[in-house]
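This report is for a reader who is new to the structure shown below.

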Amino acid sequence: MEFRDLKHQYAVLKEEIDKNISEVCSSARYISGPQVKELEQQLAEYVGVKHCVTCANGTDALTLALKAWGIGKDDAVFVPDFTFFSTGECPAAEGATPIFVDVDERTFNIDPDKLELAIIKVKSEGKYTPKVVAAVDLFGQPADYPRIKEICKKHDLLLLEDGAQGFGGSINGKMACSFGDISTTSFFPAKPLGCYGDGGAIFTNNDEWAAMLRSLAVHGKNAENKYDNIRLGMNSRLDTIQAAILEVKLKAFREYELNDVNKAAQMYNEALKDTNLVLPLVKENFVSSWAQYTVQLPTSVDRNALQTKLKEQGIPSMVYYMKPMHIQGAFAGTDSVNADCPVTEKLCKAVLSLPMHPYITKEDINAVAEALKINI
Ligand SMILES: *Cc1c(COP(=O)(O)O)cnc(C)c1O
């Protein structure tokens, strides 16, 4: 059994993907070929925003957003303590201070009440200026944007949606990657929509920011002339081959993959309902794209031993995430270590992510459930 069966997916889509790759090879338009623009239009239309700017990966997407806003020294960026490293790494690399906020125990996403308390605390201390809330759509479920947007408005903060895991999710029919003032995603192969290497995208309805992002992604170019460099930028583009692959994968994602992965989640919920595992909760009117199906083990279970036993039965499992962000060595000696995040600390000890992808079978899910039941 595969944790995320990309080989199976390729076998299903092979004919179209091979055709698209070979077209790019023959055209020799390896950088900024017409497929990149086409894909950007398709992504913007799917997400329901005006602009999509593709880039080299989801980490660059976050960095470009922060650069477009001029975030840096003395600025505070509020980040969930339970996320992939990039969400905290990017603001810190720009010279800002990530303020880590605890998450909701059942959705794994930033806790709006604790977010507001953290904003008020930073304001009252006066050392940093609150500028951005970087909310994450962890494991595929959008963060609580109705509440987070209210808080951002009240405290005059920009909202950055890190939708690296959230592409395809929605709240009341409004798509993930449309909630932020700027939103980002990643096309790392194992994400809900993945390419065959690194890739990323940035979404916004704001014309000025979109133009700034396009400039920053190509060495700070002038919109008319790429050899007229009017600011310092990056080299961060999506390769034409990746765009050509993504056109095929986006179609499959829209037509059936998103639906099938939600069916798989329901099968897991059903198969595991009579266990003492805490199952992932998707809030009412929210849709997850199930980047991960993550359960919480009872404290009595030795997670390492369980993973070994599962592995012996051919069942892969992963721990996302082992360490709260504020404890990561990279932040040692900075003010970012001052975080009070007991829920994250508990989750880091209890979580286990199970095999999950659109091509998983009912038999596989039942086998995972049986193996878990025997070993917990
Ligand atoms: C994967 C991921 C990123 C980074 O994406 P890359 O394409 O790997 O750079 C950022 N944030 C979150 C939450 C992620 O899961």
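## Helix H6

A residue is called buried when its relative accessible area is under 20%, exposed when that area is over 50%, and partly exposed in between. The model described here is predicted.

Helix H6 spans residues 145-154, and its buried residues are Tyr145, Ile148, Ile151 and Cys152.

## Cysteines

How many disulfides does the count give? The count comes to zero disulfides. A disulfide would need a pair of cysteine sulfur atoms within 2.5 Å.

Cys25 is partly exposed, with a relative accessible area of 40%. For Cys55, the closest cysteine sulfur belongs to Cys52; at 8.8 Å, this is also too far for a bond. Cys55 is buried, at 0% relative accessibility.

## The largest cavity

The model has three cavities of 30 Å³ or more. The largest cavity holds about 90 Å³ of space. Its lining consists of 14 residues, and those nearest the centre are Arg4, Leu6, Gln9, Pro192 and Glu257.

Which helices each supply at least two residues of this lining? They are helix H1 (6-27) and helix H8 (240-271). Domain 1 (6-249) and domain 2 (256-375) each contribute at least three residues to the lining of the largest cavity. Sorted by class, that lining has six nonpolar, three polar and five charged residues.

## The second largest cavity

The second largest cavity contains about 70 Å³ of space. Its lining includes Thr107, Phe108, Leu138, Phe139 and Gln141. Also in the lining are Pro280, Leu281, Val282, Ser288, Trp290, Gln292 and Thr294.

For the second largest cavity too, domain 1 (6-249) and domain 2 (256-375) each provide at least three lining residues. By class, this lining has seven nonpolar and five polar residues, with no charged residues.

Terms used
Residues numbered from 1 in each chain as written. Predicted model: local features only at pLDDT ≥ 70, side-chain atom pairs only at ≥ 80, totals over all residues. Heavy atoms only, no water. 1 Å grid on protein atoms, 1.4 Å probe; cavity = no way out; pocket = protein on both sides within 12 Å on 5 of 7 lines; lining within 4 Å. Points joined across faces, edges and corners; volume = space filled by probe spheres on them. Helix = DSSP H or I, 4+ residues; strand = E, 2+ residues; numbered from the N terminus. Nonpolar A, V, L, I, M, F, W, Y, C, P; charged D, E, K, R; others polar. Domains from an automatic or database assignment. Buried < 20%, exposed > 50% of the residue type's maximum accessible area, 1.4 Å probe, protein only.
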